[in-house]
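Below are some notes for a colleague who is about to look through this model. They are set out as numbered points, and each point takes up one part of the structure.

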Amino acid sequence: VFNREMPYSFGSERRPTPASHLDDDSYAPSEEPETAYGCNPGDLCYRADLPILDGYGETGATIDPTETGKITVLYFWGTWCGPCIKELPYYEQIADRYADDVAVIAIHTAISGDSAPDYIAENYPDSRIIFALDAAEDSSDDYYTRLGGMGSYPYTVILDENGTILYVDHSTISFSDLNAIVETNILY
């Protein structure tokens, strides 16, 4: 999940759906159907190596949200966004409550991205949320845009443990709704 060596990039490749036949000697990879990447429920989520942030800035590590092996909640936010600041505690509660089954990645927009470390240090120094930074603000190919972001924050995308998009929300969300969506999708 965490990668210190790969450069920051977005995958445009296609990857096969998870194989249920790993022990089958007659299996040929070319026979496995491919699933396209996209930004809607049912699509495979685009891969990315997002720089991880902490209270001091970028840590030098990256994370690919599609490779956590857990239900993954992506929360696109900014320190300048009032509704984002109000909702971020909901995501921390999810990260704490479902730590064994859910990864919460809060992806700060590159717009005023330099304000994120101070905010994290002051408000979330010991959080289970994984804080990350999106692409440079002058990029038309940032992760937010690739995942269907439409110019407003906050924005939530929930992935299953295989990186398939389960849920997309372009607006604010209540804790009870967020909790219900996450709880519904946890596989025990």
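1. What percentage of the 188 residues in the protein chain do buried residues make up? Buried residues account for 48% of them, where buried means under 20% relative accessible area, exposed means over 50%, and partly exposed lies in between (1.4 Å probe, protein chains only).

2. A word on the basis of these notes: this is a predicted model, in which local features need pLDDT of at least 70 and side-chain atom pairs count only at pLDDT 80 or more, whereas totals for chains, interfaces and linings use all residues. Residues are numbered from 1 along each chain as its sequence is written, and side-chain values use heavy atoms, with hydrogens and water left out.

3. The secondary structure of the protein chain comes to four helices and 10 strands, helices (H or I, at least four residues) and strands (E, at least two) being DSSP runs numbered from the N terminus. Read from the N terminus on, the order of the elements is β-β-β-β-β-β-α-β-α-β-α-β-β-α. Of the contacts (heavy atoms within 4.5 Å) with a separation of 6 or more in the protein chain, 68% are between residues 24 or more positions apart.

4. The largest pocket has a volume of about 180 Å³. On a 1 Å grid over the protein atoms alone, a pocket is an open set of points where a 1.4 Å probe fits, with protein on both sides within 12 Å along at least five of seven lines, and lining residues have an atom within 4 Å of a point; grid points are joined across faces, edges and corners, and the volume is the space filled by probe spheres set on the points. The largest pocket is lined by 14 residues, of which Leu53, Asp54, Ile120, Ile129 and Phe131 lie nearest its centre.

5. As to where that lining comes from, β4 (50-54), α2 (116-123) and β8 (130-133) each supply at least two residues, and the largest share, three residues, is that of β4. By type, the lining residues of the largest pocket divide into 10 nonpolar, three polar and one charged, with Ala, Val, Leu, Ile, Met, Phe, Trp, Tyr, Cys and Pro counted as nonpolar, Asp, Glu, Lys and Arg as charged, and the others, Gly among them, as polar.

6. Helix α2 has Ala116, Pro117, Tyr119 and Ile120 as buried residues. Seen down the axis of α2, these buried residues fall within an arc of 165 degrees, so they line one face of the helix; the arc is that of the directions from the helix axis to the C-beta atoms. The face of α2 turned away from its buried side carries the exposed residues Asp118 and Glu122, while the cover over the buried residues of α2 includes β4, β5 (57-63), β6 (71-77), α1 (82-97), β7 (102-108) and β8.

7. In α4 (residues 175-185), the buried residues are Phe175, Leu178, Asn179, Ile181 and Val182. Viewed along the axis of α4, its buried residues also fall within an arc of 165 degrees, so they line one face of the helix. They pack against β6, α1, β7, β9 (155-159) and β10 (165-169).

8. Val102, placed in strand β7, counts as buried at 4% relative accessibility. Its contacts, leaving aside neighbours within four places in sequence, are with Lys70, Ile71, Val73, Ile94, Val182 and Ile186. The C-alpha atoms of Val102 and Ile71 are separated by 4.7 Å, although the two residues are 31 residues apart along the chain.

9. A search of the whole structure finds one disulfide, meaning a pair of cysteine sulfur atoms within 2.5 Å. Cys81 and Cys84 form it, with their sulfur atoms 2.4 Å apart, and the link is right-handed, with 75 degrees about the S-S bond. Both Cys81 and Cys84 are buried. Cys39 is in no disulfide, the nearest cysteine sulfur, that of Cys45, being 9.6 Å away.

10. Cys39 is found in the loop between β3 (34-35) and β4, and counts as partly exposed at 25% relative accessibility, whereas Cys45 is buried, with a relative accessible area of 0%. Not counting residues up to four places away in sequence, Cys39 touches Arg146, Leu147, Gly148, Ile165 and Val168. Cys39 and Leu147 are 108 residues apart in sequence, yet 4.6 Å apart in space, C-alpha to C-alpha.
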